[in-house]
Amino acid sequence: MRSIWNGAISFGLVSIPVKLMNATENHSISFRQIHLADGGRIRYRKVCELDEQEVSSADTGKAYEDADGTVIPITDEDLASLPLPTTKTIEIEGFVPASAVDTLQLDSAYYLAVDGVPAAKPYALLREALRRSEKVAVAKYALRGRERLGMLRVIDDVIALHGLLWPDEIRAPEGVAPDSNVKVRDAELDLADALMNTLGEADLDTLHDDYREAVEELVAAKAAGEPVEPEGEEEPGEGKVIDLMAALENSVRAAKESHGGQEDDGEVAEAHPISSGKASAKRGGGTRKKAAEASRGTDGKRTAQGKETAAGKKAAAEESAGGKPAAKKPAAKKTASKETAPEKKAPEKSASKKAASRKSPAKKAPAGKRAAGKKTASGGRGDTSGTSSRQTRKRTSA
């Protein structure tokens with residue numbers, strides 16, 4: 001880096017030769033003024049108002065214009081004769097905590113480098129003293145023809161100089177604050193806190209000038225002769241918030257979506273004094289849905305049970321019809337109850353059949369044989385029913 005000033009830091013009786021270098025640089029794109037008719041560049045020339053002749057830099061001097069318009073010439077020799085002890089010195093006035101310096105006073109920033117090998121030891125001494133005390137040094141220095149106020153602090157292993165505005169150069173914020181009658185509710189503060197937590201901390205290293213990049217792309221496209229399509233402009237807002245709570249809620253949702261999080265209506269609804277209805281509707285809908293599913297499951301179960309019972313009754317009726325007709329109704333009821341009773345014990349039989357099948361891995365009988373077996377069993381039950389009917393008639397006749 002190129003130095004813009006050479007001098008020394010005055011630390012009591014210790015003098016530290018240093019070089020001053022700019023700590024910042026300007027990346028803004030500069031434009032030239034041209035003549036639209038032919039594209040010629042427009043330049044500014046210094047012209048005397050009296051004779052309308054162009055004046056060179058060698059013939060240009062300084063002057064102070066009084067309030068009544070009187071011009072008082074001031075030469076460089078006049079300024080050099082003024083007692084200015086800080087012309088080549090950064091004079092340390094004292095030390096204060098960094099929090100004592102108002103950030104409104106911060107101006108330009110510079111790095112201080114040692115000027116020569118002998119300056120390394122006192123430079124390191126001042127640097128470590130500032131670091132251990134956790135304070136900053138307030139100093140005066142002269143730069144570009146005027147005395148300035150500065151602050152020395154440590155950045156990594158370098159002493160930095162921040163130019164400060166004089167206290168009387170800071171304007172008081174009179175008439176800037178809003179009306180004192182404005183009241184902020186706790187619910188609004190809660191939403192503001194939620195929005196701040198959602199946005200999180202700003203990573204200053206990732207921030208960049210989007211407008212400058214857009215200008216560079218525009219210049220590159222025009223230089224290549226490519227057509228430039230204007231981007232859609234956003235409509236300007238009216239400058240007033242209609243519903244502050246709604247705006248905060250929408251901001252929290254948008255911030256969560258942009259940060260890859262899931263939207264949580266419950267948290268927003270808890271901070272809002274008046275329920276918006278969306279969260280409750282969502283919870284109510286879920287409850288109703290679960291109840292409907294449960295009722296459907298219960299109805300399905302009941303329907304299945306009903307179907308099994310009806311099937312059992314139908315089977316009992318068919319078995320009763322397979323034999324001879326019963327003489328009396330009580331016998332039919334008895335037969336139906338006998339045939340219905342095995343239906344309830346069906347799970348036990350099936351369980352025993354499964355156990356038996358696991359113990360003896362016998363091959364399944366063919367479909368024809370299984371059907372014949374069913375018919376034989378059905379006929380057997382019909383014969384039993386007929387026998388019981390004949391025995392009933394004998395008892396009655398006796």
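Val 184 counts as exposed, because its relative accessibility is 52% and the cut-off for exposed is over 50%. This is a predicted model, so every value here is computed from predicted coordinates. Val 184 sits in the loop between S9 and helix H3, which spans 186-199. Together with Val 182 and Leu 189, Val 184 forms a nonpolar patch on the surface. The accessible area of these three residues together is about 270 Å².

Stay with helix H3 for a moment. Glu 188 lies in this helix. Is Glu 188 buried or exposed? Glu 188 counts as buried, because its relative accessibility is 11%.

What does the side chain of His 162 contact? The side chain of His 162 makes a polar contact with the side chain of Arg 153, at 2.8 Å.

Asp 156 has a positive phi of about 60 degrees, although Asp 156 is not a glycine. Asp 156 counts as exposed, because its relative accessibility is 67%.

Glu 134 gives a second case. Glu 134 is not a glycine, yet has a positive phi of about 55 degrees. Where is Glu 134 found? Glu 134 is in the loop between H2 and strand S7, which runs 135-143. With 68% relative accessibility, Glu 134 also counts as exposed.

Now turn to charge pairs. Side chains of opposite charge can pair when their charged atoms come close. How many salt bridges does the model hold? The count comes to eight salt bridges.

One of them is in helix H2. Arg 131 forms a salt bridge with Glu 128, and their closest N and O atoms are 3.3 Å apart. Both residues lie in helix H2 (residues 120-133). They are three residues apart, about one turn of the helix. Arg 131 is partly exposed, with a relative accessible area of 36%. Glu 128 counts as partly exposed too, at 34% relative accessibility. This pair belongs to a wider set. Arg 127, Glu 128, Arg 131 and Asp 157 are linked in a network of salt bridges.

Another salt bridge joins Lys 62 and Asp 76, with the closest N and O atoms 3.1 Å apart. This pair links distant parts of the chain. Lys 62 is in strand S3 (residues 62-65), while Asp 76 is in helix H1 (residues 76-80). The two residues are 14 residues apart. Both Lys 62 and Asp 76 are exposed.

Glu 54 counts as exposed, at 55% relative accessibility. Arg 45 counts as exposed, at 56% relative accessibility.

Some charged residues gather by like charge instead. Which residues form a negative surface patch? Asp 209, Asp 210, Glu 213, Glu 217 and Glu 231 form this patch. Among them, Glu 213 is placed in helix H4, which covers residues 210-223. Glu 213 has 34% relative accessibility and so counts as partly exposed.

End with Gly 12, in the loop between strand S1 (3-11) and strand S2 (14-22). Gly 12 counts as exposed, because its relative accessibility is 61%. How many residues separate Gly 12 and Glu 91 in sequence? Gly 12 and Glu 91 are 79 residues apart in sequence. In space they are 8.7 Å apart, C-alpha to C-alpha.

Key: Residues are numbered from 1 along each chain as its sequence is written. This is a predicted model: local features need pLDDT of at least 70, side-chain atom pairs count only at pLDDT 80 or more; totals for chains, interfaces and linings use all residues. Side-chain values use heavy atoms; hydrogens and water are left out. Patches are made of residues with over 30% relative accessible area and no salt bridge: like charges are joined within 9 Å, nonpolar side chains (Val, Leu, Ile, Met, Phe, Trp, Tyr) within 5 Å. Accessible areas come from the Shrake-Rupley method with a 1.4 Å probe; for residues, only the protein chains shown count as cover. A salt bridge is a side-chain nitrogen of Lys or Arg within 4 Å of a carboxyl oxygen of Asp or Glu. Lys and Arg count as positive and Asp and Glu as negative; His and the chain ends are not counted. The place of a charge is taken as NZ of Lys, CZ of Arg, CG of Asp or CD of Glu. Helices (H or I, at least four residues) and strands (E, at least two) are DSSP runs, numbered from the N terminus. Buried means under 20% relative accessible area, exposed over 50%, partly exposed in between (1.4 Å probe, protein chains only). A polar contact is a pair of N or O atoms within 3.5 Å; within protein, one must be able to donate a hydrogen and the other to accept it, and residues adjacent in sequence count only if both atoms are side-chain atoms.
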